[in-house]
Amino acid sequence: TSVFGYDYLGRAGEVQRTTTSGGNTITESYLYSYIPPGGNGGLLGSVVLRRQVNGGGWTTIRQVVYTYYDGVKPYGNLGDLEFATVEDGAGNVLGTSYYRYYYSADAGTTGYFGALKYAFGPQSYARLVAAVGDPTQATDAAVAPYADYYFEYAPPNNTPVGEHPVSKEVVQGAGDSQTAGGLGTFTYVYT
């Protein structure tokens, strides 16, 4: 495995690995692209996995495209990851993950600015879209039942200086379906 190219800021542009199997030399390449200068400039924009057999042409296998909060929309801060969309080689969406954070308008006793609040994997995101339409316009109360994870954090005065460890975690599929709707709640105390 080697880095085969860097961009003008010294970030990896391509990583390749080569193996031989059944008499064929297979090279896999990960191409990295970054968001141009601006609000989220410099953050990872996409990664493309492509494959080459015996020095032939490249075939795109998978790609992931990253979208970030712009600092204006609710539920996230500038630079926070909003969506990670996985696509097949032809650009068809295979799944989308969605994230919400504590942001300036809601950071308080249960979280802090920039902390992860909700995480939705591809299956949960699909259920969320079916239930609420555009999840970016839905309230926290509306999206909460579909989240894979929800986090609350301990205030910094109860922990070592500067730390905000998780104090509560709600996990989909980890609870009793009769009383908790399948949501398991875990609380953590630190000494």
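**Reading salt bridges, strands and a helix**

Mentor: Let us begin with Arg50, which counts as buried at 17% relative accessibility. Buried means under 20% relative accessible area, exposed means over 50%, and partly exposed lies in between (1.4 Å probe, protein chains only). This is a predicted model, in which local features need pLDDT of at least 70 and side-chain atom pairs count only at pLDDT 80 or more, while totals for chains, interfaces and linings use all residues. Residues are numbered from 1 along each chain as its sequence is written, and side-chain values use heavy atoms, with hydrogens and water left out.

Trainee: With which residue does Arg50 form a salt bridge?

Mentor: A salt bridge is a side-chain nitrogen of Lys or Arg within 4 Å of a carboxyl oxygen of Asp or Glu. For Arg50 the partner is Glu14, with 3.1 Å between the closest N and O atoms. Glu14 sits in strand S2 (residues 12-21) and Arg50 in strand S4 (residues 44-53), so the pair links distant parts of the chain, 36 residues apart. Glu14 is buried too, at 12% relative accessibility. Helices (H or I, at least four residues) and strands (E, at least two) are DSSP runs, numbered from the N terminus.

Trainee: How many salt bridges are there in the whole structure?

Mentor: A search finds seven. One of them joins the side chains of Arg11 and Asp7, at 2.6 Å from N to O, and Arg11 is buried, with a relative accessible area of 19%. In another, the side chains of Glu28 and Arg17 meet at 2.5 Å, N to O. That pair links distant parts of the chain, with Glu28 in strand S3 (residues 24-34) and Arg17 in S2, eleven residues apart.

Trainee: Is Glu28 buried or exposed?

Mentor: Glu28 is buried, at 11%, whereas Arg17 is partly exposed, at 38%. A network of salt bridges links Arg17, Glu28 and Arg51.

Trainee: How do I read the pairing of S4 and strand S5?

Mentor: Two strands pair if DSSP finds at least two bridges between them. S4 and S5 (residues 59-68) are antiparallel and pair over six bridges; Leu49, for instance, has Arg62 in S5 as its bridge partner. The two strands form a hairpin with five residues between them, and Asn54 in the turn has a positive phi of about 55 degrees. On we go to strand S6 (residues 81-88), which runs antiparallel to S5 and is joined to it by seven bridges. Here Tyr66 has Ala84 in S6 as its bridge partner.

Trainee: Now the helix: which residues of H1 are buried?

Mentor: An α-helix has 3.6 residues a turn, so residues three or four places apart point the same way. In H1 (residues 122-132), the buried residues are Ser124, Tyr125 and Leu128. Viewed down the axis of H1, they fall within an arc of 100 degrees, so they line one face of the helix; the arc is that of the directions from the helix axis to the C-beta atoms. Gln123 and Ala130, on the other side of H1, are exposed.

Trainee: What covers the buried residues of H1?

Mentor: The cover, judged by contact (heavy atoms within 4.5 Å), includes S6, strand S7 (93-101), strand S8 (116-120), helix H2 (140-143) and strand S10 (166-172).
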